[in-house]
Amino acid sequence: MVDKNNFPVRLEGRSVILEEIQPKFFPYVIEWRNNPELNKFLNQPYKLTFELEKKWFEEKYLTDETQGFWLIIDKEKNIPFGTTGFTDLDRKNRVAIGGRLILGDANYAHHPAFMESFFVGSDHIYNLIDTQYIHVVKKNRKAIQLNKIMGFVPNTGKIQYPHELFRNGMEQFEFYRTKEMYLKVRKKIFENLFESLFS
């Protein structure tokens, strides 16, 4: 079993670090997930407290190898500014659900570190899977547009996770992206912009 407590995942890019959730990050997560502007499309119909976060971390997260939850950190300033991750990792069938995306600090909306975080996280997860699914609230137009730019397309075939289509009173679309689709987007967007982003 993976020892998340003593050996948290740390993924490093040119401008960003993705570091697995740990107690030192709880205050950031609690603040962001309780912010009405940030949580209106989240599956969280309650106020998050330190006690609830600690309970979830110790009793569910640390013992569950099918999920990952990372803080997105500005590498230069060592400042956390968002979260990302996955759930429902199925190593046998090589699929997972992507999600947990929150941009906690709006100042990073157009920052190279935010863009790079999508690729650092995806490079990692596509070593484990062949297809990633996501579920986006139908009213969340910004997220739909962003994910389309990142290569996700609507699932017009058999829905893989029907229980995800209605969460916290909100209807959601199911999108998917294969590894091949991801690599095309990676080349088109990230590799072609790399020098201009980090020069």
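A salt bridge is defined here as a side-chain nitrogen of Lys or Arg within 4 Å of a carboxyl oxygen of Asp or Glu. The model is predicted, so local features need pLDDT of at least 70 and side-chain atom pairs count only at pLDDT 80 or more, while totals for chains, interfaces and linings use all residues. Residues are numbered from 1 along each chain as its sequence is written, and side-chain values use heavy atoms, with hydrogens and water left out.

| Salt bridge | Closest N and O atoms |
|---|---|
| Glutamate 58 with lysine 54 | 3.0 Å |
| Lysine 55 with glutamate 59 | 3.0 Å |
| Glutamate 164 with arginine 167 | 3.1 Å |

Glutamate 164 is buried (under 20% relative accessible area; exposed is over 50%, partly exposed in between, with a 1.4 Å probe and protein chains only), at 13%. Arginine 167 is partly exposed at 26%. Salt bridges with shared partners also link Arg10, Glu12, Glu19, Lys24 and Lys75 into one network.

Glutamate 58 is partly exposed at 41% relative accessibility, and lysine 54 is partly exposed at 35%. Lysine 55 and glutamate 59 also lie four residues apart in α3, and lysine 55 is partly exposed at 45%.

Definitions and conventions:
Helix = DSSP H or I, 4+ residues; strand = E, 2+ residues; numbered from the N terminus.
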